[in-house]
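Work through the exercises below with the sequence and the model open. Each task is followed by a solution in steps.

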Amino acid sequence: MRLGRKGARRGRATGTGWPSRALFLGPGLLAWTLLFAAPVGLILVSSFLSRGTFGGIEYRFTLDNFARALDPLYVRVLWSSIRIAALTTGVALLVGYPAAYFIATRPARWRLPLLVLVVLPFWTNLLIRTYAWIVLLNREGLVNRALVGLGLTERPIALLGTRVAIVLGLLYAYLPLMILPLFSAIERLGVAPRQAAADLGASPAGAFLRVTLPLTLPGVMAGCVFVFVPTLGNFIVPDLLGGGKAIMVGNLIQSQFFQARDWPFGAALSISVLAVTVVLLVVQARVLTRERRLAARAA
Amino acid sequence: MVRVRRLALLAAATLALAACGGGGGAGGGEPGGGGAAVPLEDQTLTISNWDAYTPEGLIEAFEQETGVDVTLTLHTTNEDIVGKIQAAGGKGFDLVFVSGNYLQTLIDQGFVAELDHDLIPNLANLYPEANELGYDPGNRYSVPYTWGTTGICYRSDLVEEEPTSWTVFHDPPEELKGKMTMLGTNPWLLEPALRSLGSSLNTTDPAEIEAATEWTIEAKANLKGFDDTTFYSELVAGNAWLVQAWDGWCNYGIAEDPNIRFVVPEEGSDLWTDTMVVLAASENKEAAHAFIDFVLRPENGKAVAELVYYKVPNRAAMEQLDPALIERFPNLGMSPSELLEQEALRDPGEAISLWTDAAAQIKAA
Amino acid sequence: MRREPGRRRDLLLGAELALVYAFLYAPILVLVALSFNDSGLPTSWGGFSTRWYGELARSEDLLAALRTSVSIALVVTAVSTAIGTLLALGLERTVRSTVLDTVLFLPAVVPDIVLAIGLLSFFSIARITLGTHTVILAHVVFDMVFVAAIVRARLGYFDRSIEEAAQDLGAGRVATFFRVTVPVLLPGILAGALIAFTLSFDEFIIAFFTAGPTVITFPIRIYSMIRFGVTPVVNAVATLILGLSIALVLLALRLARREARRAVEG
């Protein structure tokens, strides 16, 4: 059987061998090259050029832009953004996993509607939704009323303009991006593996940690990347809910391109952030591959 | 000084590519004169403006009168539209609405055309003062559409003492702490500091910018937050009592709550201007000029002021304005000479990086 | 063997999901309430009124923008889901390099602004006239990698033996793909499509840069309103979107139920 599968992998099953390889990867790679690599490369090249006085680009080679990206101010902003993004991602995972698990284990006909209910609020514009959070988080807002009503605080507390508000807003902005990949991974699983683990005497928690979680790791990783990356780049939420009192790296990049009209430096900053993100992604991909190998061996 | 090629990345890249393509005409700035005389009714016009900034029916009336086919599209911020023009190498629009302090970057990169004043007879309707604006003296490249200033907008029923100075953000009375917002984007972010410290709003001096940054960081502790979008609404709701605000926006608050007042602090303020510019690459420059002339008609200027509660630099239009409107929104009654006492905002050139860093520092502090 | 603890677990999980829904819908309910706000301000209450719905009915521009965004998002979803799914399969089965994986994922990582400026520069050099199609192309390039990642999350433990079994039973490659592979991946594909639609529908800066002058998407219109204050008309629109999409969900649910009944009877 094993041998048979190996043989099949070489040629017969879908998706292997030329021409199906071209069919599968072709459209994606074409779009990637033409609509991503070429355009973005164009801009990134400018990171080695100099800015003009009023925003143009001068064709003089320089590495100054990268040296400037190491300015303590920018490093500090990057670090605090990474912390906020990591916190948001962590909370999103904790909140999203059980929700995705529940949806994925409902009878088939309930799954799609429940899933659509998760994304439906996101068909309302982010700006408008964030305005709604301002109303909720105000001193006289519903959240404060609830807190006082429950006796958790005596007087309304300042929520807007705090880090809590920022993380809350970011969590709100990207939670579906966590739940959907988790759903995709968990739904595939069914109850069989956990059932098997339980039959072998594993406690529910043990079965979850040793079977379910590792098997759904690709979904966990995808969800974390989906939330982490756009969080780093968001600037609407920090501006509106953070009272403009915090700045994310996305805000910094945006202001270099637009306010300072310094495309070369904006590009250098983008490359630096991209580099950091890519390192994180490669690490997660490696972890994932190892886990999968381990899981495969266990199976 | 070595002559450097000051071209947008794109312009140059286009040239490189044009080697194998056809000559992509680097549209010279000459309006009116150059180019084959296409009859007006065969021209089309692509205009970009903010939403709700063009009076209802204005475009249609212009189309009907001239036969020009107009496409009105929208932009969101000055930065966005300038970025879009730059990335597209100056192509795509015939006429764009943009604030005066963003003009320099467009001129410098060769994206805007010099205006042919002969094609805009209604320029005579402007106040004489509207010809001497610092960012474009003599209106060579731009025609002002609206203008105004920035000040303090506050709830007179909640704030005990009328604010008179920008220092209120730095040294507020106890009851105002946490009840104030400042504008969060440049140049207004540094305005209270620069004005309190006696510096120019167009300063390029690193020491002055640094001092203003520190002042603003200290003031930040007193603020509810920096707010560019909801401050007038928060004022009406009573969540904020005193905010730094553009005059027109304060009027939006006044429209909902007459207790709201606007004051220009004693240290003085800025003079902002929104302008109309014609792009150099436009092939419909006559139509663009005709549109500007059309906007400058008194009745159309009046419609703009009534639509957005902003002052227009058009004397003929302001004279037609309903006195009741000015009574309701007193800052509409500011005279051009009062406005000219404020400092016209310009582009700080390369020093704009210092400004941007200052903003990042303040937000990150 | 899973009666008691299983039921309790389901109860807890269900409660958690209910809380998540409460979190997701609280602001939306605020918007619905604010759409009946008499005041013209986005965050302060001024009494009950239905005037914004009247305004909405007259806001031909706003509704047109909504239609533009829906149609762009639908096309983008279809294209990027197809390309993304193929990409996921291709990557899983032929390429085994974490670096390549990561590199391919970059369109979802690069700051929006860089992609926006880059694409416009590129279109301009290549003399591609801007229009709806340029927005669609731009959205496809980042949406497809999101779809690919979601489908892959499911593909990890895909049991190839069922494909082989199908082929052993004489099914052709194409038939195997559509009858076996796609159905197994379907939930992942649907999840990917949902994300693709959502991301495209609400995307602003890339659309702004790549749109031709006659293409005004819903986000572009909303953000353009900021300059003169966002009015509660947008809340009325939010309520409209909510109502329509809930109606769609209910409809889909009914269809699904009828389908299920027919399957049982048949």
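**Exercise 1: the contact between chains C and A**

Chain C brings 92 residues to the contact and chain A brings 84 residues, in a model that is predicted. Task: state which helix of chain C gives the largest share of the side that touches chain A, and describe that side by residue class.

Solution. 
1. The largest share on the side of chain C comes from helix α1 (residues 4-34), with 15 residues.
2. Sorted by class, the side of chain C that touches chain A holds 63 nonpolar residues, 17 polar residues and 12 charged residues.

**Exercise 2: the fold of chain C**

Task: describe the secondary structure, extent, burial and contact pattern of chain C.

Solution. 
1. Count the elements: chain C has 11 helices and 0 strands.
2. Read them in sequence order: the pattern is α-α-α-α-α-α-α-α-α-α-α.
3. Along the principal axes, the C-alpha atoms of chain C fill a box of roughly 70 × 60 × 35 Å.
4. Of the 266 residues in chain C, 52% are buried; the cut-off is 20 or more other C-beta atoms within 10 Å.
5. Take the contacts in chain C between residues at least 6 apart in sequence: 79% of these join residues at least 24 apart.

Notes: Residues numbered from 1 in each chain as written. Chains lettered and ligands numbered in written order. Predicted model: local features only at pLDDT ≥ 70, side-chain atom pairs only at ≥ 80, totals over all residues. Helix = DSSP H or I, 4+ residues; strand = E, 2+ residues; numbered from the N terminus. Buried ≥ 20, exposed ≤ 12 C-beta atoms within 10 Å, placed from the backbone. Contact = placed C-beta atoms within 7 Å. Nonpolar A, V, L, I, M, F, W, Y, C, P; charged D, E, K, R; others polar.
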